[in-house]
Amino acid sequence: MPEKILPGIELDNVELRLGARPFRFDCTIAAGAITAITGASGAGKSTLLNLVAGFSTPASGTIRIAGEDVTRSHPSGRPVSIIFQDNNLFAHLDITTNIGLGISPSLRLSRNDKAQIEYALDRVGLHGFGKRMPPELSGGERQRVAFARALVRQRPVLILDEPFAALDPGLRQSMRILLLDLHRETGNTVLLVTHDPEEVRRLADHVIFIEDGKVLVRAEKTEFFQLDIEPLRHFLNDS
Amino acid sequence: MLTARQARQAIGGGVLALTLVSLFVAIAVIALLSWDTGRAGSRLMTAYTWRILFFTIWQAFLSTLLSVGLAVPVALALARRPSFPGRIWIIRLMAVPMGLPVLIGALGLIGIWGRQGMANQSLLAIGVSQPVSIYGLSGILIAHVFFNLPLATRLLLASLERLPAEYWLIASSLGMKPFSVFRLIEWPALRRVAPGVAGLVYMLCATSFTLVLVLGGGPAATTLEVAIYQSLHFDFDPPRAIALAFLQIGVTTILLALISVFPAPEAWGLTAGRLPRRFDGSGFGSKAWDAIVIAIAAVFLVLPLASIAISGLHADLIRLASSDIFVKAAATSLSIALVSGLVAVGFSILVINARSAISQAASAGAGLKSLSAALAGLSSLVLLVPPVVLGTGWFLALRPMGDISRFAPILVALVNALMALPFAMRVIAPAMEAHRIRTGRLSASLGLAGWSRIRHIDFPVLIRPMLMALSFAMALSLGDLGAVALFGSSDFTTLPWLVYNRLASYRSNDADGLALILGIICLALTMIGTAGRERERPNA
């Protein structure tokens, strides 16, 4: 299958300066796999994510997603769905509407679209939640709605920014299983920003370790956990 | 995060707002400058202008000293007693003068401190031979304290209540005496905000128009703003008005420059969330002192308000409210208030959107950065060139075009809108910023834009703060006498102008009735305009 051979996301000498801090990313993220982006707080995980999602524009370099140059594209023009740690839903809109916005930003929904929304709600285990409002839901349920929206968007890349960090440990495990299920079902490229080694261990195929605004390590998961270098030891022991 | 088109639109809107406001102010200033400058120059240095300049500065200084000086013990007492019955009502009472039209407050003060008023009757009864005069310097000072002591108290109290609750626990476990608590905890907190509070109060007193017009006015007690008005309205001496207007701009420029050095005082943290327990001041003397201080402040504020209500109810309210002249003035006032409120809110949105777009731009050049700074300074422009000066300029600019009263309503609405702009921005900006933080990236990633974004995402959330700002701006315009004073006539009458006219023609019974009606409308609008602010405060 040709898609599998294509690199999912490429950052080609991407440079950016925020205040006095320089960032430089040069790496490839495999298509159809889960890649964990990890590193200490402030190392530049979120900056990398913002660059891929389009919330920041690099000063130089090229970003390609599925072979297409998206360096200057608006976030909505990129083949990407994104799930943040929090505030994924518009609090004043009901669950169906929140998911529907993922299909049509102007909320022009066909009968087929509505059926899709129902299916997605079912799929994330929230059957019958359509008319509820986000504040009535628990944190885990709200994240499930965000997954449902990502599902109906059908974009080849899913970016997750610490998606389970605000949840109870017990809930995290079931959310991880949901993520893996959806990933297997859609075969999407997943970029998971996390500072939790446990999450890396359980979810990732590949790991990118960032330090000081640069990619320090890019490896397969098993390889990654066998590495014995100072910043990594620090990361694995501290958490 | 914004598409190039969104950013262009937002910045374009900011440029539009900046251009229109600058033009509006510039035309007024140019009209002043080009009106026979030779003669105005000669009026700059007369004994008369110097006397007025001196009085303006001196009365503002005394007013500030009294307002802030007296606010300190009141704020300390209220902070020391975080939970007595009725406390919340005293704090709310402190917010009333802010929403009350200045003219109405002046009426209430005359009712209490006038020759026949309660205060002087009681002073005479206890054997004071010379009554306090509500007219002249003493009256202006009483009135300025009435309006600014509550403001200063609220700001100082907020700074005390922002102190961590642990401070009081530590102070009591260390066994600090009241004076040590003051020296080591309370005073450092007050000292941080006091310069900003004093600057704000000084600015308000130095540019005070209505109070000085009603309570002062003679050559011995006239401020620059009132003198400008008198030069045009009574003596029709434009060169003198122009000379005074430039003195006024000079004074406000210096003041704004001084104020900008100090941190701006903030009211957040005021009685929000849990209150700290205070362990100091449990002695009888301390309790008695606090009770007396709080009681005097409350009585000082309540009496004029009660006087407005009582004398207002004595008037024939139904006859007044159904009279043709009232209905006409109310209709004029409300339409002016609505237009000025909508303009203020609209311009606030344009300015805030543009600044937010610039701050998000990946690489804002020097041009964009200075645009953003100019937009931030827009609301100060209004403080720099006060309403009477704006009105004077436009008065001179439009006079050649015929009857001034034809343009008067729209001019007054625009001047009012400019006055309301800083307040509207203060209500809307945090709400828009919070909304952007919550939804900006999400909307961008979902491709929400244009009408769909406004309808589904922005409108449902932002309509509340926008209505609050509108309501606040309308209250400001409804109660304003400054802008209308120059243009008011029998053909063009607003409610405050009507009250002032009735007062000037000694039909004070009518004035009282009208004042009560206007006061209630403005207070209601202000309450709507500030509702829910408590909940928005960070530590609520």
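The side chains of Glu185(A) and Arg123(A) are joined by a salt bridge, with N and O 2.7 Å apart; a salt bridge is here a side-chain nitrogen of Lys or Arg within 4 Å of a carboxyl oxygen of Asp or Glu. Helices (H or I, at least four residues) and strands (E, at least two) are DSSP runs, numbered from the N terminus. Glu185(A) is partly exposed, with a relative accessible area of 41%, and Arg123(A) is likewise partly exposed at 23%. Buried denotes under 20% relative accessible area, exposed over 50%, and partly exposed the range in between (1.4 Å probe, protein chains only).

The model is predicted: local features need pLDDT of at least 70, side-chain atom pairs count only at pLDDT 80 or more, and totals for chains, interfaces and linings use all residues. Residues are numbered from 1 along each chain as its sequence is written, chains are lettered from A and ligands numbered from 1 in the order in which they are written, and side-chain values use heavy atoms, with hydrogens and water left out.

Over all chains, the structure holds 20 salt bridges. Side chains of opposite charge can pair when their charged atoms come close. In chain B, Asp290(B) forms such a bridge with Arg80(B), the closest N and O atoms being 2.9 Å apart. Arg240(B) is classed as buried because its relative accessible area is 15%, and Asp237(B) is buried at 14%. Elsewhere, salt bridges with shared partners connect Arg80(B), Arg81(B), Glu186(B) and Asp290(B) into one network.

Helix H3 (residues 47-80) of chain B also contains Phe54(B). Phe54(B) counts as exposed because its relative accessibility is 53%. Together with Trp58(B), Phe61(B) and Leu65(B), Phe54(B) makes up a nonpolar surface patch with about 430 Å² of accessible area. Patches consist of residues with over 30% relative accessible area and no salt bridge, like charges being joined within 9 Å and nonpolar side chains (Val, Leu, Ile, Met, Phe, Trp, Tyr) within 5 Å. Accessible areas come from the Shrake-Rupley method with a 1.4 Å probe, and for residues only the protein chains shown count as cover. An α-helix has 3.6 residues a turn, so residues three or four places apart point the same way.

The expected span is 1.5 Å times one less than the number of residues. H5(B) is mostly covered, with 10 of its 12 residues buried; among them are Leu103(B), Ile104(B), Leu107(B) and Trp113(B). Helix H18 (residues 404-446) of chain B has 43 residues, but its end C-alpha atoms are only 53 Å apart, short of the 63 Å that a straight helix would reach. H18(B) bends by about 50° at Thr439(B), where the bend is the angle between axes fitted to the seven residues ending at a residue and the seven starting there. Gly447(B), with a positive phi near 75°, follows H18(B).

In chain A, positive phi values occur in residues other than glycine. Asn13(A) has a phi near 50° and is found in strand E1 (residues 7-18) of chain A. Its relative accessibility is 34%, so Asn13(A) counts as partly exposed. Ala66(A) has a positive phi of about 50° and is located in the loop between strand E4 (60-65) and strand E5 (68-69) of chain A. Ala66(A) is partly exposed, at 48% relative accessibility.

A search of the whole structure finds zero disulfides over all chains, a disulfide being a pair of cysteine sulfur atoms within 2.5 Å. Cys205(B) is buried, with a relative accessible area of 0%, and Cys522(B) is buried with a value of 0%.
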